[in-house]
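The entries below follow the order of my search.

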Amino acid sequence: MIALTGASGLVGRFLLRGLPGPITVLGRRALPGHDFRPWDLCGPAPDLSGIDTLIHAAFSHVPGRYRGGEGDDPRGFLQSNLDGTRRLFDAAAEAGVTRIQFLSSRAVFDGYPDDTPLTEDTAPQAASLYGQVKAEAEAHLAALPLIGQSLRATGIYGPGPHHKWESLFADYLAGRPIPPRRGTELHRADLAGATRLLLHTTDIGAFHLSDMLLDRHDLLGEVQQLTNCPHPVPPVSDRRVNPLICDRLPALGWRPGGLARLRADLPAMLPPR
């Protein structure tokens with residue numbers, strides 16, 4: 001049986017739909033059609049009896065922010081996300097859980113200069129508190145006597161309420177200024193596909209998940225074509241971004257959807273006009 005944390009979040013909702021059942025939801029509220037066990041990152045570990053695989057996608061942060069997600073409470077941020085994750089992982093090991101998948105982030109590398117190749121063998125070097133939490137949680141997982149799999153994902157996008165580009169699209173369509181930016185992106189369905197794939201391997205350690213290096217110039221160009229918006233798109237960003245080098249998952253057969261997946265979902269992500 002699989003237990004999932006963060007099932008009601010933007011990413012967790014996709015994982016919940018994409019994982020083979022039955023799924024036990026660990027969280028603050030029950031979700032229809034799923035076994036539910038109450039749990040909170042700030043509280044004691046949940047009941048994990050009968051669970052074979054734990055997928056940990058819950059994270060407490062200021063809405064809309066991961067780096068800087070501690071807001072004005074770094075102590076509470078650490079207590080929830082690092083201490084709470086360690087308690088959860090330790091309880092899983094004690095309960096006989098055989099596999100933990102942890103949703104980590106490319107932020108474990110945000111202390112490196114831009115010209116550093118980020119391979120799956122690169123040692124974490126985090127500068128942000130967010131990256132430090134993810135790196136320390138990865139290290140804690142790696143020391144446990146079970147199959148520990150850390151999924152270092154780039155920015156994750158996909159349709160749904162309050163998706164990551166909701167305010168960006170609204171600002172562009174309203175003619176508000178948009179600063180240039182680029183980043184590495186991954187569709188939530190491709191993240192869910194990676195979690196399913198890793199359920200069938202005993203490989204441990206870190207796995208990189210990234211799909212596209214996407215510039216706002218190109219993203220909003222797609223929006224412009226769909227909406228016939230008269231406002232100019234921002235110029236191409238000159239920011240240097242290191243894409244994650246993904247070797248392990250493609251070797252297992254993982255194939256993210258690329259620009260075709262973005263274009264298929266983009267109409268559903270635009271605000272009503």
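**Entry 1: the largest cavity**

I found the largest cavity lined by Leu15, Ile55, His56, Ala57, Gln101, Phe102, Leu103, Leu151, Leu191 and Thr195. I worked on a predicted model, in which local features need pLDDT of at least 70, side-chain atom pairs count only at pLDDT 80 or more, and totals for chains, interfaces and linings use all residues. Residues are numbered from 1 along each chain as its sequence is written, and side-chain values use heavy atoms, with hydrogens and water left out.

On a 1 Å grid over the protein atoms alone, a cavity is a set of points where a 1.4 Å probe fits but cannot get out; a pocket is an open set with protein on both sides within 12 Å along at least five of seven lines; lining residues have an atom within 4 Å of a point.

My search of the whole structure gave one cavity of 30 Å³ or more. Strand S4 (53-56), strand S5 (99-105) and helix H5 (188-198) each supply at least two lining residues, and S5 gives the largest share, three.

I next looked up the second largest pocket, with about 150 Å³ of space. Helix H3 (129-142), strand S6 (147-153) and strand S9 (205-209) each give two or more residues to its lining. The largest share, four residues, comes from H3.

How values were computed. Points joined across faces, edges and corners; volume = space filled by probe spheres on them.
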